[in-house]
Amino acid sequence: MFIMYNTTYTRPLTVHTRHLATSVPLFGGKAAKRRKQTMKVDMPHIPAKTNTAIPTNIAINHFDQFYSSVYKEARWGSMRLGLLSKQKYAVMVNNFGDSEDTISMLEEMGCVDINKEFQLAKQQQEQFVRDLETSLSTQPEQSQGEDTPPPPDLPDPSTQGEVASMSSSEATTRLIRPEDNVLGGGSMALHQYVPTKELKGMDDFVEEAQYYQSYKKVAKQAISIKPFLRLHFPSHLRCFTFPRGDLSSFSPPVPGSLSTLNYYCMDAASLLPVLALDLRPGHRVLDMCAGPGGKSLAMLQTMYPERITCNDISHERVRRVLSVLDQYVGRGEGVGKARESVEVKKSDGALICDYGTYDRVLVDAPCFSDRHAVTSEVGNVFVKKEIKNRLNMPEKQAELLKAGLLNLAPGGSLVYSTCTLSPVQNDGVVHKVLGQIWEETNLDFEVADLNMAVKPFRFMCKLYGRKEGVKYGQMVVPFLPNNFGPMYFCKIVRV
């Protein structure tokens, strides 16, 4: 029996395959989900894992760390609850439509007339304001450094000659300690800080307060604060909201007989910067950051300005301003040719060079937009790609405020406003810019103290002033019964 062998050797064919690892199991996914659900039921005391990379989570974590050190814990807890709760709205009656019918409808709905309530509260405190005016007229003018109480550890004047430059206790107050970078104890410490020029490395890990490590004490005569005791609420500006504790929503606005919408929905706190401008007939007004257009529309509703310039750097925001004008004032020349007095342009507000031109300037600067940051991921400044823009924001705000002050005519007023609780972007920016202008120019400005003037609005919102640590301006803080704000505003007058 013969056995034949094949001497040809055949090498086996090898096919190389790449196996990709995946975190998602191919089998058993439903079982894993059931185990997680069972664990939540059986062990509810274990907190659920959250995605900390979501912009809204980043924002609230940032606010918890920063604001809890600036404000008292009880105050920040109340503000935090308001930020995360349903926002309350007010409506502004459109005078370029069927205004009388709109007012009747809102009154039938049980809404509160903000203008009427303000006038009643203003009358109640009028006698006190007159007495205060009399007492202030008999006192000599005081600068900002003189009207603030001296610290308790001032050195004894008899020992001044022993030290050539300054006492040791005063010298220690000029040093910046690491713990001071959190700006604890209120915004009164902000006079010791101005923003740095450059940001170097580790942008993800730098706290906002650490951008204020360049120490520079501004001379006390640089910033003066003068009382401004009364606000003027124009009779044509009619605004309504629901009573305290009522968070009902307004129905969408509808067009009237003139094809314009009957009212504009807005945060009632947005009215205060417009009222702080103290508009009068014949004024030339610049709205430096006009988008989306609510404050510009409120100025138009007063029927006072001779001309309004609505400017914004963003094409999208300029488009929204034009849309608001089309819907509420009318297309083309507008109702009663109202749009002939309105100019809309797109430019960087910091580069506007109409020096000494405007009687009133509103700088509603871009900011953290605290309420939006914790409730929406669209247009959120806390997304990772916006880190540098977010940290550079105080510098941009300072540029806008400085340009606005330079464009202000003698005797004119500027209002700087933001919708953030951050004292860095509020009092810090105001202090830095006023100090710069005092050093670099021969122009004189003074801060208007509105603490008494805004008291009639306490029926509508919760206000913080100098007593609560807001040094230069006033601030509407979120408050659950009347959940408006946040809104900071500071009035500056060119002398």
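Q: Before we start, what makes a feature count here?
A: This is a predicted model, in which local features need pLDDT of at least 70 and side-chain atom pairs count only at pLDDT 80 or more, while totals for chains, interfaces and linings use all residues. Residues are numbered from 1 along each chain as its sequence is written, and side-chain values use heavy atoms, with hydrogens and water left out.

Q: Why is Gln301 called buried?
A: Buried means under 20% relative accessible area, exposed over 50%, and partly exposed in between (1.4 Å probe, protein chains only). Gln301 has 1% relative accessibility, so it counts as buried. Gln301 belongs to helix 10 (residues 294-301); helices (H or I, at least four residues) and strands (E, at least two) are DSSP runs, numbered from the N terminus.

Q: What makes the pairing of the Gln301 and Asn94 side chains a polar contact?
A: The term needs a pair of N or O atoms within 3.5 Å; within protein, one must be able to donate a hydrogen and the other to accept it, and residues adjacent in sequence count only if both atoms are side-chain atoms. The side chains of Gln301 and Asn94 are joined at 3.0 Å.

Q: Why is helix 2 called roughly antiparallel to helix 3?
A: Helix 2 (residues 55-70) and helix 3 (residues 73-84) pack at about 155°, with axes 11 Å apart. Angles under 35 degrees count as roughly parallel, over 145 as roughly antiparallel, 65 to 115 as roughly perpendicular and the rest as oblique, so helix 2 is roughly antiparallel to helix 3.

Q: Which residues make the contact of helix 2 with helix 3?
A: Helix 2 brings Ile60, Phe63, Asp64, Tyr67 and Ser68, and helix 3 brings Trp76, Arg80 and Leu84 (contact means heavy atoms within 4.5 Å).

Methods
Axes fitted to C-alpha atoms, helices over the stretch in contact; angles between N-to-C directions.
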